[in-house]
Amino acid sequence: VKPIRPEDGVSSAQAAYADAFPALLPAATAAAVTQFHGEVHAKLHDLSTRTTSDAEKAQKALAELELPQALEACEADKRLPARLVRAIAKAQATGGVGVLEELLSACTALEKEAVGAATMANEVLKAEEEKDAALLSDEPRLTRPLLHALKTTQPLVITRSQLDTNRERLETALEVTAKLRSRHESSLREMGGLDAPLEELEARLPHLDGTPLEAEPCVEALRALLDQLEQLKAEAAAKVEAGRIRAPSRAEALAELGAALLCEGGSPPADGSGAAAAAMAPFDQVESEYDALQRRREALLAAVAEQHALFVVARHAEENYAERQEYLGSLSHGADEMCAIHEGLTEGHRFYKVVLTELRKASEKGAEIADLREAERASLLRRMNEPPPTFTQATAQPAAAHAAPSSYAGGGASLAEARAAWQASHAG
């Protein structure tokens, strides 16, 4: 049996109803769904930021212990460690420093556009809010409930909420990009050193004099702990990415959660239960599972610190050990930074394009609301300024209401004409 998409088995009338359904939702229900959608994406955005931040903190903690390069410096002479070879290959696959500079330029250009769009949208909505405030101040008879009863109030509130959320996300993205830009500048020399072929990088490796530390138990323990930390990092990123894939679009949330909320009375129950809570549960679980992974990461880092202390005591004073460790550390740091910066800028570039589209929509929606709201305010003022009807006007009935109908409903002679015709036929 050939699988079909759900919409393939839906009639055109059903599809049209599904498209129109969100617009039929009560304002309170639509607002509740919009709030849910915003909370889900804010939670996932926060988790994504935490994933990057926690991974960077762990990397920094290892770097302060000179790991893993301190272990790799103990390995066989004139051969780069397998982990480092993989890291260098991954870094070179990004395209190198030139690609990073192109991504930085693209992100910078999109940043400026996004900031400009956010400013424009905010000014449009702010102008409407100021007009409302001025009208309330200038017209004593006008109350806030009367103004809030205008049809454009709900779209205005929703558009403001969405804009504020996107502005907050944009501010966070600007901070992240600024840090990536700083890391790019500080690591440029080390990243540039990766442009050479692998054979040349191995040839530059200083010789190792003295006895390796392979036999020390702490060396094997440290390697195992570092492997676990790397696996945990991948697991955490995969868990957050799975949550992002599962997150519904606003249209999907309106269709699915909107219908469920209607069955509950139009809005989430006050006790925090119901469809909205059930829809949020999977994302709460992602957050809980990530917290557990982070606690495990902290325990692994504590174990690394203990084993590293043993490693320092056991380390031999080889003549070229420090020079070898410094070289490997430079390659490792350059490779890690190139991959991290490339990943961050690629994600940032995607985000800026999405948020720029959302901000432009907010600006267009705000302009549309402004035109409609201006007409609504004028209509409201006209109704308020109309003189109240007099008693005579209120009780008077139009003369036409008392007049006899000129003809029957189906068309034909009037009643007077019919009577005259009858009298004529019976005359004499």
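Helices (H or I, at least four residues) and strands (E, at least two) are DSSP runs, numbered from the N terminus.

**Entry: ground rules**

I note that this is a predicted model, in which local features need pLDDT of at least 70 and side-chain atom pairs count only at pLDDT 80 or more, while totals for chains, interfaces and linings use all residues. Residues are numbered from 1 along each chain as its sequence is written, and side-chain values use heavy atoms, with hydrogens and water left out.

I began with Pro 68, which sits in the loop between helix 2 (27–64) and helix 3 (69–72). The peptide bond leading from Leu 67 to Pro 68 is cis, with omega near 5°. Glu 66 belongs to the loop between helix 2 and helix 3 as well. I looked up its backbone: Glu 66 is not a glycine, yet its phi is positive, at about 60°. The cut-offs are under 20% relative accessible area for buried, over 50% for exposed, and partly exposed in between (1.4 Å probe, protein chains only).

**Entry: the whole chain**

I counted elements next: the chain has 16 helices and zero strands. Of its 428 residues, 35% count as buried. The accessible surface of the chain comes to about 24800 Å², and 57% of that belongs to carbon and sulfur atoms. Such areas come from the Shrake-Rupley method with a 1.4 Å probe; for residues, only the protein chains shown count as cover.

For contacts I used heavy atoms within 4.5 Å. Among contacts in the chain with a separation of 6 or more, 91% are between residues 24 or more positions apart.

**Entry: confidence**

I checked pLDDT, the predictor's confidence in each residue, from 0 to 100. The chain has a mean pLDDT of 82, and 78% of its residues reach 70 or more. Which elements have the lowest and the highest mean pLDDT? The lowest is helix 15 (residues 399–402) at 47, and the highest is helix 5 at 94. Residues 13–18 have pLDDT below 50, and beyond near neighbours in sequence this stretch has three contacts in the model. Residues 399–413 are also below 50, with six contacts in the model beyond near neighbours in sequence.

**Entry: nonpolar cores**

I took a nonpolar core to be a set of buried Ala, Val, Leu, Ile, Met, Phe, Trp, Tyr and Cys residues joined through side-chain atoms within 4.5 Å. The largest one has 42 residues, of which Leu 80, Ile 88, Leu 331 and Leu 359 touch the most other members. Two or more residues of this core come from each of helix 4 (82–93), helix 5 (97–138), helix 7 (153–186) and helix 13 (321–385). Helix 13 gives the most, with 15 residues.

Leaving aside neighbours within four places in sequence, Ile 88 is in contact with Leu 80, Leu 194, Leu 198, Leu 201, Leu 331 and Ala 335. Another core lies apart from the largest one; it has 20 residues, among them Leu 67, Leu 293, Val 304 and Phe 311.

**Entry: cysteines**

I searched for disulfides, each a pair of cysteine sulfur atoms within 2.5 Å. The count is zero. Cys 107 counts as buried, at 1% relative accessibility. Cys 339 also counts as buried, at 15%.

Thr 152 lies in the loop between helix 6 (144–148) and helix 7. Its relative accessible area is 6%, so Thr 152 is buried. Which residues beyond four places in sequence is Thr 152 in contact with? They are Ile 369, Leu 372, Arg 373 and Glu 376. The side chains of Thr 152 and Arg 373 make a polar contact of 2.7 Å. By that term I mean a pair of N or O atoms within 3.5 Å; within protein, one must be able to donate a hydrogen and the other to accept it, and residues adjacent in sequence count only if both atoms are side-chain atoms.

Arg 183 is in helix 7. Its relative accessible area is 17%, so Arg 183 is buried. Leaving aside neighbours within four places in sequence, Arg 183 is in contact with Glu 56, Glu 337, Ala 340 and Ile 341.

Asp 284 is in helix 12 (residues 275–314). At 35% relative accessibility, Asp 284 counts as partly exposed. Its side chain is joined to that of Lys 43 by a polar contact of 3.1 Å. Asp 284 and Leu 44 are 240 residues apart along the chain, and their C-alpha atoms are separated by 9.8 Å.
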